[in-house]
Amino acid sequence: MPEIEVKDVSLVYDTPMGRVVGVQNANFVLEKSQFLCLLGPSGCGKSTLLNIIAGFLTPTTGQILIGGKPVRGQGTDRGVVFQDFAQLFPWRTALGNVAFGLEMKGVPKAEREEIALKQLELVKLAKFANSYPHHLSGGMQQRVAIARALAYNPAVLLMDEPFAALDAMTRDDMQRLLADVWKETGKTIVYVTHNVAEAVYLGDRVIVMTPHPGTVKAEIPITLQRPREALSVQFLDQQKHLLSQLGQHAEAA
Amino acid sequence: MTFSLSPDQFRSLWRGALSLCLIAALYETIARSGYFPTVLMPPIPVVASTFWTVMTDGTMIHHAASTLYRVLIGFGMAVVVGIPLGILMARYQRVENFVLPLASALMPIPSLAWVPVFILWFGLGNTVSILVVFYAATFPMLLNTWSGVRSVNPLWLRAAGAMGANENALFWKVIIPGASPFIITGVRQAFLRAWIAVVGAEALAASDWGLGWVIFDAKEFLNADLMLASLAVIGIIGFAFERLVFGTLERQTVLRWGMVKAAKG
C-alpha cells in the first residue's frame, strides 16, 4: 500500500476578487520512505497542496490518503516543518520543543526527554538541548524543528521550504544533514521548494508545478546515486531538464 | 533565588538613588524657601522623623497592611477573572460580542464614581474598597490578555495542532505562554490601577485604617508630614512590587525566552 495517495485534489478559494484556483486536480502516489519534492515558482500551489496533506486546509474536491486512511484535519501521523524560524515555542528549550509531541501523547517525562535528546543528536544539536530558541541560529532552529517533527514518530514528514530563509552556505549543510536524517529514519518526505538544485539534491522524484491555476505539470524521477555531487555533469543535466519543465531557460540556474 | 546584586543591577540601583536624591534636593530647597508655610510643606527631616515614629509604633504598618490586603484581594480577583475572560474573548466570537460592548461602556466610568453606589449597597468598610480595586484592575487585565491571545503566532497553534495538542493543552501550553508578554503588561497595569483606586476608595469609604484614609484624615489636622510619610509608603510598596515581583516575573519568563527585549541598562 502506498504511504500517501493524493486523489483528484483541487482547492478553490473564494476571495473578494472572485474564485481563485489554488490547486487544480493534483494526483500522485508516494511509496513508503520515498523523498518527493514539490517544485515550482511562488503561487503554483505547492505550499497549498502541502497544507492540504497536513490537514490545515480542506480540499474543495478529492481526497488524501495516508497509509490508506483518509485525512481529516491534522493528525500525528504527519510531522510538519515550516519555513519560518518562529515556528519553535520561544518559552521552551530545544529539548522542551522536541518533547512537545510526546508530551501530547502522554509519554512520561523521563522517557520523552530521552527520546527528544536522541532526536537532537540526530540533527547534531544534543549540546544545545537546554538552550532557548532565541539563542540558536536560524539553521539550528530549523534543525530543532526537524527533530521536533520527527520525535513523535509520524509516518510522514511534510516540509514547507524549511531552508529557504537560510544563507546559501548554511542551506548546503542543512541539505546534507536532511539527506542523512532521511537515510537514517527512512521517513516518507514531501518537501516543498522553489530551488531547482535543492530538488535535484534531495528528491527521489520531483513534481513540477506551474501557477495560474496551480497544476502538476510533470513528474520527474531523479535516479542519481546518493550521496549526490552537486557539481557533477549528471546533476547539472537534471537541473537543466527541470528548468526546461518550468519553462525557464537553462541559464537561469 | 538570591538577592545578590550584579554590577548591572548595582548601576541601575545607583542611578535610581541618584534621581531620587535630585528630586529630594529640589523639594527641600522649595520647602526651606519659605514660599509655603512649613506646616504645609515640612522639610524632609520632619517628614522622616514622622515616618520613623509611625513606622516604629506600628500604626503605619497597620495602615499599609490594611491597604495591601484590599489591593491584593481586589487585584487577585481581577487576575482570576480578567485572564480567562480575555482568552475566551479572543478565542470565541460570541464571548467577544457579549463582553466587548460591556467593557467599552464600563471602562470610561472612573472606578471612584462607583464608591458612593457601593457604600449604599455594602456600607463602609473593606468590601467597597476591594470591589473598587477589582473594578479598576479588571479592564487592563482583560484587554491586554485579549490583545495578547490575538497576537499569538498562528504558526505555534498549527505546530501544536500537528503534534496532537488538544484544546486544553493549547490553552495552557501554547496560548498562555504565547500571550505572556501582554499578560505581564496587563498584570503590571492592573496593579497600578489597583493602587490608584484603593487610595481614593479608602479616602471615601474606609474607616480608621488604610493609607488612603490616613492621608485624607491627616488633612483635617493639617498633618502634612504624616500625609507625605504615607505617600512615601505607597511609593515604596509600589516600587518594591514593580522591582521584586513584576521585574522577577519578567526576568524568569519573557526576558529569558527572548520574547521581549531587556530595557537598555
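In chain A, A:Leu38 stands opposite A:Val192 of strand β8. The model is predicted: local features require pLDDT of at least 70 and side-chain atom pairs count only at pLDDT 80 or more, whereas totals for chains, interfaces and linings use all residues. Residues are numbered from 1 along each chain as its sequence is written, with chains lettered from A and ligands numbered from 1 in the order in which they are written.

Strand β3 of chain A (residues 35–39) is joined by 5 bridges to β8(A) (residues 188–193), and the two run parallel. β3(A) also pairs in the parallel sense with β9(A) (residues 205–210), over 4 bridges; here A:Cys37 stands opposite A:Val206. Strands pair if DSSP finds at least two bridges between them; strands (E, at least two residues) and helices (H or I, at least four) are DSSP runs, numbered from the N terminus. Because 5 of the 5 residues of β3(A) are buried, the strand is largely enclosed by the rest of the structure. A residue is buried if 20 or more other C-beta atoms, placed from the backbone, lie within 10 Å of its own. A:Phe35, A:Cys37 and A:Leu39 point one way, and A:Leu36 and A:Leu38 the other.

In chain B, the buried residues of helix α8 (residues 167–178) are B:Lys173, B:Val174, B:Ile175, B:Pro177 and B:Gly178. These pack against α3 (59–91), α6 (126–150), α7 (154–162) and α9 (180–205) of chain B.

The contact between the chains takes 21 residues from chain A and 16 residues from chain B, residues being in contact if their C-beta atoms, placed from the backbone, lie within 7 Å.

Conventions:
A residue is buried if 20 or more other C-beta atoms lie within 10 Å of its own, exposed if 12 or fewer, and partly exposed in between; C-beta atoms are placed from the backbone. Two residues are in contact if their C-beta atoms, placed from the backbone, lie within 7 Å.
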